[in-house]
Amino acid sequence: LAVTWQKAGRLFASAGQDGAVLLWDSRTFESKRILEGSEWCERLAFSDNGRWLSAAAGRTLHLFDDAGQPQHRIAGHAGTIAALAWRPRLNEIAAAGNNGARVHRIDPVVQSRDLPAAGACLTANWNPDGRVLAAGMQDGTVSMWNVAAGTQSEIPGFGSRVFATEWNANGSWLAAAAGNTLAVWDARAKGSQASQARELRGHSERLTALRFRPVGTWLVSAARDRRLLLWRVGSADEPQDAHLLPDECTLLRFSRDGALLAAGDAQGGLTLFDCS
């Protein structure tokens with residue numbers, strides 16, 4: 001159900017419908033079970049420094065060190081944890097779900113604070129400098145908490161639930177997907193433009209995946225129409241390139257340097273694109 005890599009490391013973790021979380025060594029391919037549970041674990045995330053692994057199972061957040069030893073078990077979230085996001089360069093993790101997000105700081109005792117919202121969060125993404133947390137909402141909005149300033153704002157106007165949000169490399173743009181709507185928001189905008197999103201039209205059916213290249217403002221989107229579209233956000237509202245996949249795209253991932261793009265499809269196929 002979930003796989004996550006240790007950043008710049010040799011470890012990765014996986015979770016399945018058996019309720020177990022496994023920690024793997026990519027050089028030896030040896031694994032060990034670090035969590036056995038009755039609930040499925042659908043969210044895994046390594047911290048930026050690779051020292052912490054988080055796993056969400058139902059309403060409970062489990063935290064492990066990089067040796068796979070359990071360190072903290074944080075229960076009592078308002079609902080099932082829908083998304084996990086480690087704050088850049090800090091030992092803080094946001095667990096998003098019903099009624100907003102809870103941010104847990106490991107110092108080394110866990111200290112928690114709430115970022116409230118009226119609805120249910122489906123996504124959670126920190127901007128690159130860790131000041132702002134963005135969450136796609138069930139009610140068709142994007143909630144944003146500026147943790148540094150202690151303020152909250154909202155980007156309205158999506159006709160259905162926002163299932164994907166993504167910041168570009170320097171945090172100047174935020175992309176969001178809801179239904180067949182793909183929109184981008186200029187984080188540098190001021191005044192009346194600050195809460196307005198620009199719609200990018202190119203897909204005829206519901207979007208399924210979204211990903212910014214790790215450098216620059218190149219954005220890739222995919223939908224049930226099997227189209228894979230490449231956008232240059234901020235310079236054009238038309239796609240710069242397009243490919244047709246064998247089936248609808250289920251997942252997009254760039255390599256760390258942005259040179260390769262992997263696209264998984266519903267038939268179990270994997271297509272690699274050279275983006276260099």
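Which residue in S8 stands opposite Leu61? The residue is Ile74. The model is predicted: local features need pLDDT of at least 70, side-chain atom pairs count only at pLDDT 80 or more, and totals for chains, interfaces and linings use all residues. Residues are numbered from 1 along each chain as its sequence is written, and side-chain values use heavy atoms, with hydrogens and water left out.

**First stop: strand S7**

Select residues 60-65, which form strand S7; strands are DSSP runs of E with at least two residues, numbered from the N terminus. Five of the six residues of S7 are buried, that is, under 20% relative accessible area with a 1.4 Å probe, protein chains only.

**Second stop: an open sheet**

Select the four strands in the order S16-S17-S18-S19, which form an open sheet with antiparallel pairing. Strand S16 (164-167) and strand S19 (197-200) stand at the edges, each with a single partner strand, so one side of each has no neighbour in the sheet. Between S16 and strand S17 (residues 173-178) there are four bridges, and Thr165 stands opposite Ala176 in S17.

Now select Thr181, in strand S18 (residues 181-186). Is Thr181 buried or exposed? Thr181 counts as buried because its relative accessibility is 18%. Leaving aside neighbours within four places in sequence, Thr181 is in contact (heavy atoms within 4.5 Å) with Phe158, Ala176, Glu199 and Leu207.

Select Val132, Met144, Asn146, Trp185 and Ala187, which lie nearest the centre of the second largest pocket among its 21 lining residues. A pocket is an open set of points on a 1 Å grid over the protein atoms alone where a 1.4 Å probe fits, with protein on both sides within 12 Å along at least five of seven lines; lining residues have an atom within 4 Å of a point. The largest share of this lining, five residues, comes from S15.

Key: Buried < 20%, exposed > 50% of the residue type's maximum accessible area, 1.4 Å probe, protein only. Pairing = 2+ DSSP bridges.
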